[in-house]
Amino acid sequence: MALIVQKYGGTSVGSIERIRAVAEKVIKTRALGHELVIVVSAIAGETDRLAQLAQELSCLPNPREFDVLLSTGEQVTIALLSLALLEKGCPARSYTGAQVHIRTDSAHNKARILGIDGSKIRADLSSGKVVVVAGFQGTDEMGNITTLGRGGSDTTAVALAAALKADECQIYTDVDGVYTADPKVVPDAQRLSQVAVEEMLEMASSGAKVMQIRAVEFAGKYNVPVRVLPTFQEGPGTLIVAHEDNMQHPPVSGVTFNRDEAKLMIQGVPDKPGMAAHILSPLSEAHIEVDMIVQTVTGEGTSDLAFTVHKRDFKQALSIVEQVAQKIGAKRITHDKKVAKLSLVGVGMRSHAGVASQMFQILGKEEINIQLISTSEIKISVIIDEQCLERGVRALHDAFQLGAGAQKTAASCL
Ligand code: ADP
Ligand code: ASP
Ligand code: MG
């Protein structure tokens, strides 16, 4: 008998029919003798719908109230799934994040899980119940409802698996595993049978939304075995493995992209110590994550600082940066919301030189202009015009021979 945490995403619970199908799947697994904790997302599109309602009342909704609103999406699904299970004779009980004491910090809309009290869940499991928990939410120490950022139900599932010392965390979704690129954009993309945690971290951070990055961080930190699986069919999915084995890795394992970034540039910043901190600290105090940062010294005692933030944070970031620019005497602020980030990820980059220059050549051939570049040991990212994105993704996927048609050298690809 194993303890398994299963998470079903928004499309997987996208209608009453699908919720019934998920209930069947849960009952089949339970019949094998396993204990089950099920984490569910809101019905697909519901979180967007709720966010839109708030936007109609306020262009910068109060973060606390916004979380009270957004968290309701998952509350609907836990009740519906529990009803479906009970209707089929399976004992089940639903809980919101608050009810199972998922404690978070107070960073509304992007809170981090600090701890979970698993006692109630354990008691229900021992009495033979399937426990259904709302993903994406918790409460801070003042009892305020918080949400964990888009895609946060993945993190709820992995954190619960860690807290309960589950044997496996299964992330059920609308694709049959982690692919070499988003299969909705690259039809030729291939499923990876396994991915190293560090590779998955880079893929998630650069836009492969199949798993939220914090979920992968939890999996790595607490050694939770995670498998990404298809809800609507059978299949082995993708196992996220803690350690690399001795396999030969291709230089690139995946191509990822993110359309959610916006670029800001402060020009004519006095070129003296402390300026970057002056500009970026107020952003971090406002819990705005800055992604790529490039500083260029322009001569005449000034420099330009360009960086990207999530499009959602753009307005707030711009207003903060406008105030800072005035304070430090910077000359000008420019911005561009029509950009996207394109990345290559692969642990194989460690042992293959020249991946970056190959990437730049391929993009050059496609006449795609690179605006910003950042690299890590196993990732290269560029900011480009969003209109060129899909062309860039496919060109790189082809050139690095990741497609089903290309000759495979990676033992990790099936
Ligand atoms: P869920 O609602 O189940 O949480 P998401 O929409 O958050 O599902 O994540 C699954 C989606 O992630 C897929 O439908 C796919 O379009 C997208 N995706 C992006 N990159 C990848 C990738 N490399 N492999 C698999 N799916 C990916
Ligand atoms: N419902 C939330 C979202 O749409 C959380 C999740 O689905 O993981 O982002
Ligand atoms: Mg998701």
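**Sheet architecture and ligand surroundings in a predicted model**

Val226 stands opposite Ile240 in S12. The model is predicted, so that local features are reported at pLDDT of at least 70 and side-chain atom pairs at pLDDT 80 or more, while totals for chains, interfaces and linings use all residues. Residues are numbered from 1 along each chain as its sequence is written, chains are lettered from A and ligands numbered from 1 in the order in which they are written, and side-chain values use heavy atoms, without hydrogens and water.

Strand S11 (residues 226-230) is antiparallel to strand S12 (residues 238-241), with 3 bridges between them. Strands are DSSP runs (E, at least two residues), as helices are (H or I, at least four), numbered from the N terminus; pairing requires at least two DSSP bridges between two strands. An open sheet of mixed pairing is formed by 8 strands in the order S3-S6-S2-S1-S9-S11-S12-S10. At its edges, strand S3 (92-95) and strand S10 (194-196) each pair on one side only. From one strand to the next, the twist averages 20 degrees. Helix H1 (residues 16-31) packs on this sheet and touches strands S1 (3-8), S2 (35-40), S6 (130-134), S9 (168-173) and S11; the direction of H1 makes about 170 degrees with that of S1. Contact means heavy atoms within 4.5 Å; axes are lines fitted to C-alpha atoms, for helices over the stretch in contact, and angles run from 0 to 180 degrees between N-to-C directions.

Glu168 belongs to strand S9. Leaving aside residues up to four places away in sequence, Glu168 touches Leu3, Ile4, Val5, Pro225 and Arg227. The side chains of Glu168 and Gln170 are joined by a polar contact of 3.2 Å. A polar contact is a pair of N or O atoms within 3.5 Å; within protein, one must be able to donate a hydrogen and the other to accept it, and residues adjacent in sequence count only if both atoms are side-chain atoms.

Around ligand 1 there are 18 residues, of which Thr173, Asp174, Tyr179, Asp182 and Lys184 come nearest; a residue is near if one of its heavy atoms lies within 4 Å. Oxygen atoms of ligand 1 lie 2.6 Å from a polar side-chain atom of Thr173 and 2.6 Å from one of Lys184. The protein covers 91% of the 570 Å² of accessible area that ligand 1 has on its own (Shrake-Rupley method, 1.4 Å probe; for residues, only the protein chains shown count as cover).
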